[in-house]
Amino acid sequence: MTEKRPIATIADVARLAGVSTATVSRTLRRPSLVSGPTRARVLSAADALSYSLTKSASSLASGRTEHIALLNGGSLNQWFTSEIINGAYTVIHEHHLDLTVYRARDTSERREFFETLPARRNADAMLVTSFNLSPDEFAILQRLGMPIVLLNMLTPGHTNVSIDDAAAGRDVARLLLELGHDTLAYVGPEPGHRGLSWSSDARWTGFHDEIRTRAPFASVSMVRLPAPLVTDAAQHAVSELLARRPRPKAIFVQLDELAIPIMFRLRQRGIRIPEDISVIGFDDHPLAKDLGLTTVRQPVGDIGARGADLAIRLIADDAGTRHEVLVPTTIIERSTTAGPAR
C-alpha cells in the first residue's frame, strides 16, 4: 500500500527554498516583484512539494484578508447599486480578490453596522457608496486602519471617486431656463429624509440655487417624497404636480427609475410630454434611451471600477495614486424636453 504523502505548507516551501514565507507568497501571487534567481528557487521548491498557494495561506503570509468590503447606503436591487457593484466586482475579480457587500438602507441598519463593524478584520479596504458619512461615522471607519474610498460622495479631503451632483443640478437648471421655462419643479426626497443624507440631495440644491441666481422671477418648487422609490411614489408625485397652481411646465426628477413611471402616470392623465410638461431625469438608465428620456448621464459602472482600482492601489501603498477623482456628467437631450407650448 502506498503511503499517503502529507500536504505541503507554505512553511515547507520556504524552508526548502531558503526564503521567508512572505517571499513564497509574493512569488506565487506577484512574481514580477521577485528577482529571477529567487523566483526560480521558490517555484522549484513548490513544484517538488506539489504546493499551490491558497487564499488562506496567502492571507496568513501577507497579513491580508484578500477581501474588499462595500458598504451601500440603500437597497441592493436598484439599478444604480447593481452597476456600482458590477463595476467594482470586475476589477476586484481581475486581481483575484473577493468582494463582501454590507447594506445600511435605513437608520437601524446603519446604526447596527457602525456599532458591530462586521468588516473589522474581514477586509483590507472599504468602498462606501450612496450616502454621506457623519464625522463620527467616518472617524469610526478610519480607526479600522484600512483604506476607505467613497463612491459618488464628493467629500473634499477624503479619498473619493465622485460626480458633482450640485454642478449637475445647475446644468439642468440652465438647460430648462434656456428652453424658456419659468415654472419648474424638482421631484425627489427632501434633503435629510429619514434622518439620512445622500450625495444626490445636492442635485436639488444646485438646481434651486441656479434658478434663483439666473431667473429670480421664475417659480421653482420641490415635490417632496418620503423616499425616491417607495410604493406609489410616481402616483403621489403626479397628483402633487397636477394640483399645483401654477402648474409646473418642466420637472427635474432625481433619478430615471422615478422619472420613467412619472412619465407613464402623466400620460395616463392625458398630459403630453413635452408639449404640456418637460421631463428630465438623472443617471441615463438603460431604458432612458428607448423611452426618449432626457437625462443626466453618469458612468455608474466606471465609478465602481475606478473606486475598486483605487482601493487596491491604496492597499499596495501606491504613492502615485490620485486620492480624489471627479467623474464628469453629461446631459443627454432626447424627446422629453422642449420649450413651453404657446
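## Close-up views of a predicted model

**Figure 1. The end of helix α13 in the predicted model.** Directly after helix α13, residue D317 adopts a positive phi of about 60 degrees. The structure shown here and in the following views is a predicted model. Helix α13 itself covers residues 300-315. Its 16 residues should span 22 Å at 1.5 Å a residue, and the end C-alpha atoms are 23 Å apart, which agrees.

Figure 2. Helix α13 lies across β1 (67-72), β3, β4, β5 (160-162) and β11. Which residues of α13 are buried? They are V300, I303, G304, A305, G307, A308, L310, A311, I312, L314 and I315. These buried residues pack against the strands β1, β3, β4 and β5, and also against helix α5 (79-94).

**Figure 3. The parallel open sheet.** Six strands in the order β2-β1-β3-β4-β5-β11 make up an open sheet with parallel pairing. At its edges stand β2 (98-103) and β11 (324-326); each has a single partner strand, so one side of each is left without a neighbour in the sheet. On average, and with direction ignored, neighbouring strands of this sheet are turned by 15 degrees against each other. Within the sheet, β3 and strand β4 (residues 148-151) run parallel and are joined by four bridges.

**Figure 4. Residue T129 in strand β3.** T129 belongs to strand β3, which comprises residues 125-129. Is T129 buried or exposed? The relative accessible area of T129 is 0%, and this residue is therefore buried. Apart from residues up to four places away in sequence, T129 touches L70, L71, N72, G73, F80, I84, L151 and M153.

**Figure 5. The pairing of strands β6 and β8.** Strand β6 (residues 183-189) pairs with strand β8 (residues 250-253) in the parallel sense. How many bridges does this pairing extend over? The two strands are linked over four bridges. A185 has I251 in β8 as its bridge partner.

**Figure 6. Residue G281 in strand β9.** G281 is located in strand β9. Because its relative accessibility is 0%, G281 counts as buried. G281 and I251 are 30 residues apart along the chain, and their C-alpha atoms are separated by 8.6 Å. Neighbours within four places in sequence aside, G281 is in contact with F252, V253, D256, A259, L293, T294, T295 and V296.

**Figure 7. Helix α11 and the residue that follows.** Helix α11 (residues 256-268) contains 13 residues. From its first C-alpha to its last, helix α11 reaches 18 Å, close to the 18 Å expected at 1.5 Å a residue. The buried residues in α11 include D256, L258, A259, I260, I262, M263 and L266. Two of these, D256 and A259, are also among the contacts of G281. After α11 comes G270, with a positive phi near 80 degrees.

**Figure 8. The crossing of helices α1 and α2.** Helix α1 (residues 10-17) packs with helix α2 (residues 21-29) at an angle of about 100 degrees, and their axes are 8 Å apart. This angle makes α1 roughly perpendicular to α2. On the side of α1, the contact is made by I10, A11, V13 and A14, and on the side of α2 by T21, V24 and S25. Of the residues in this contact, five are nonpolar, two are polar and none is charged.

**Figure 9. The whole protein chain as context for the close-up views.** The secondary structure of the protein chain comprises 13 helices and twelve strands. What percentage of the 342 residues in the protein chain is buried? Buried residues account for 49% of them. Among contacts in the protein chain with a separation of 6 or more, 71% are between residues 24 or more positions apart.

Conventions
Residues are numbered from 1 along each chain as its sequence is written. This is a predicted model: local features need pLDDT of at least 70, side-chain atom pairs count only at pLDDT 80 or more; totals for chains, interfaces and linings use all residues. Side-chain values use heavy atoms; hydrogens and water are left out. Axes are lines fitted to C-alpha atoms, for helices over the stretch in contact, and angles run from 0 to 180 degrees between N-to-C directions. Angles under 35 degrees count as roughly parallel, over 145 as roughly antiparallel, 65 to 115 as roughly perpendicular and the rest as oblique. Contact means heavy atoms within 4.5 Å. Ala, Val, Leu, Ile, Met, Phe, Trp, Tyr, Cys and Pro count as nonpolar, Asp, Glu, Lys and Arg as charged, and the others, Gly among them, as polar. Two strands pair if DSSP finds at least two bridges between them. Buried means under 20% relative accessible area, exposed over 50%, partly exposed in between (1.4 Å probe, protein chains only). The expected span of a helix is 1.5 Å times one less than its number of residues.
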